[in-house]
Amino acid sequence: MSLIYLDNAATSFPKPEDTYVFMDQFYRTHGVNPGRSGYDLCMEAGHLVDDTRKELTAFFNGTNPERLIFAYNSTDALNLALNGLLQAGDHAITTTVEHNSVLRPLEHLSRFNGVELDYVPFDANGFVDPDEIERRFKPNTNVVAVNHASNVVGTVQPVAEIGRRCRERGVHLVVDSSQSAGKIPIDVQAMNIDVLAFTGHKSLMGPTGIGGLCVQDHVEIRHTRAGGTGVRSAYRFHLDEYPWRLEYGTPNVVGIAGLHAGIGWVRETGVDEIHHHEMRLMRRLVDGLREIPGVSLYCQDHLDDHIAVMSFNVDGFDAANTGTILDVDHDIACRTGLHCEPRVHEQLGTDTVHGAVRFGIGPFNTDEHIDVAVGALRQIAGAHARTA
Ligand SMILES: Cc1ncc(COP(=O)(O)O)c(C=O)c1O
């Protein structure tokens, strides 16, 4: 049997055929610098960029495609948002379920730029309590930054409720949708999200190197970089108008083409359909692993408000060793370690065993993949039990 890819939380693989085909075709026929010149090809490339802004805005139920910003990935997008919203004297609240793409920009702002930072822990099931966030509000709170879905334990946070509390206090809600976009519906209006960061290469089924922000009309983000925009070149400063305000230099046009095809596939397949398929496999996986003595799952007591991402350890094995055995003996690809989420592992106590093994299920996984993975772990855990 060929490789079983269960590392979709790192990046989705393979991509839909449409993504590969359209990127190749578009780059061959329209690989020019969009928005910089007036010849037909350049205009057509510009149309693709504009169309993709519109498609993503509609996908997230945003209102203004000019405020759909392209960046390299969600790390880049989150840096633009957090550095552009927060300044000295501000207070920011985040959680212990965040990825380093939120934690590190905030820690830098706290250490070097006079921003005060508070962490709200997640509960025993992996969820953040909106009441706990509200209790941390101060008069100078400017930003709450939360993960929509965890890339370690797969829990989906009550973003709409957190957003409601933020709206009441005039606090900006910044949401990291890296794991959720394309897996579960996102509606920035209904969920009271002020700034949504997304990455293209996970469940939006695009390539690496493309991501961005969906910024609501009432939010102003300062530009923290400056450079070419292709328009109003005589102006000495970076433009204030969106989308240029937060875009710098030649865009990743082939990445945008891939993302256009990727979300086209997601829309056609249906987010609900994808979620249903992945969660059916997730249930099969969790049920199978629960029956194996010596396998510990984290925050998987129930699968309500979860995406198909989960972590576990096998007694007697360092997470990295389990991953190596899965790879070498069973041809199963997974991710081991701290998953760029040090505080999650500190809170779970798994930092002392070098993290955990993570499986991320994608739309192209099958029942057979799950059964092989469960069988492999039965063997690994059984081998330890016999030698213990
Ligand atoms: C929850 C979460 N946030 C942010 C990121 C960063 O995404 P990217 O590497 O595309 O910037 C990831 C990627 O693993 C993630 O899982």
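Helices here are DSSP runs of H or I with at least four residues, strands are runs of E with at least two, and both are numbered from the N terminus. By that scheme, Pro 243 falls in the loop between strand E8 (211–215) and helix H7 (253–269). We're looking at a predicted model, so to speak of local features takes a pLDDT of at least 70, side-chain atom pairs count only at pLDDT 80 or more, and totals for chains, interfaces and linings use all residues. Residues are numbered from 1 along each chain as its sequence is written, and side-chain values use heavy atoms, with hydrogens and water left out.

Most residues other than glycine have a negative phi, and most peptide bonds are trans. The peptide bond from Tyr 242 to Pro 243 is cis, with omega near 0 degrees. Another cis bond runs from Phe 13 to Pro 14, with omega near -5 degrees; Pro 14 belongs to the loop between strand E1 (4–5) and helix H1 (17–30). Then there's His 339, a non-glycine residue whose phi is positive, near 55 degrees. His 339 sits in the loop between strand E12 (335–337) and helix H10 (342–348).

**Around the ligand**

There are 13 residues around the ligand, and Thr 75, Asp 176, Gln 179, Thr 199 and Lys 202 come nearest (a residue is near if one of its heavy atoms lies within 4 Å). By class, that shell holds no nonpolar, 11 polar and 2 charged residues. In this sorting, Ala, Val, Leu, Ile, Met, Phe, Trp, Tyr, Cys and Pro are nonpolar, Asp, Glu, Lys and Arg are charged, and the others, Gly among them, are polar.

| Side chain | Ligand atom | Distance |
|---|---|---|
| Asp 176 | nitrogen | 2.6 Å |
| Gln 179 | oxygen | 2.7 Å |
| Ser 178 | nitrogen | 3.2 Å |

On its own the ligand has 390 Å² of accessible area, and the protein covers 89% of that (Shrake-Rupley method, 1.4 Å probe).

**Pockets and a cavity**

Rolling a probe the size of a water molecule over the atoms shows where empty space is left. On a 1 Å grid over the protein atoms alone, a cavity is a set of points where a 1.4 Å probe fits but cannot get out, while a pocket is an open set with protein on both sides within 12 Å along at least five of seven lines; lining residues have an atom within 4 Å of a point. Volumes are the space filled by probe spheres set on the points, which are joined across faces, edges and corners.

The ligand sits in the second largest pocket, meaning more than half of its atoms lie within 2 Å of the pocket's grid points. This pocket has a volume of about 210 Å³. Its lining counts 20 residues, with Ser 74, Thr 75, His 99, Ser 178 and Lys 202 nearest the centre, and splits into 4 nonpolar, 11 polar and 5 charged.

The largest pocket holds about 650 Å³. Of its 33 lining residues, Val 49, Arg 53, Trp 244, Glu 247 and Pro 251 are closest to the centre. Helix H2 (40–59), strand E2 (68–71) and helix H3 (74–85) each give two or more residues to this lining, with H2 supplying the largest share, 8 residues. By class the lining has 17 nonpolar, 8 polar and 8 charged residues.

There is 1 cavity of 30 Å³ or more. Residues lining the largest cavity include Thr 57, Arg 67, Val 188 and Cys 214.

How values were computed
Polar contact = N/O pair within 3.5 Å; in protein donor to acceptor, adjacent residues only side chain to side chain.
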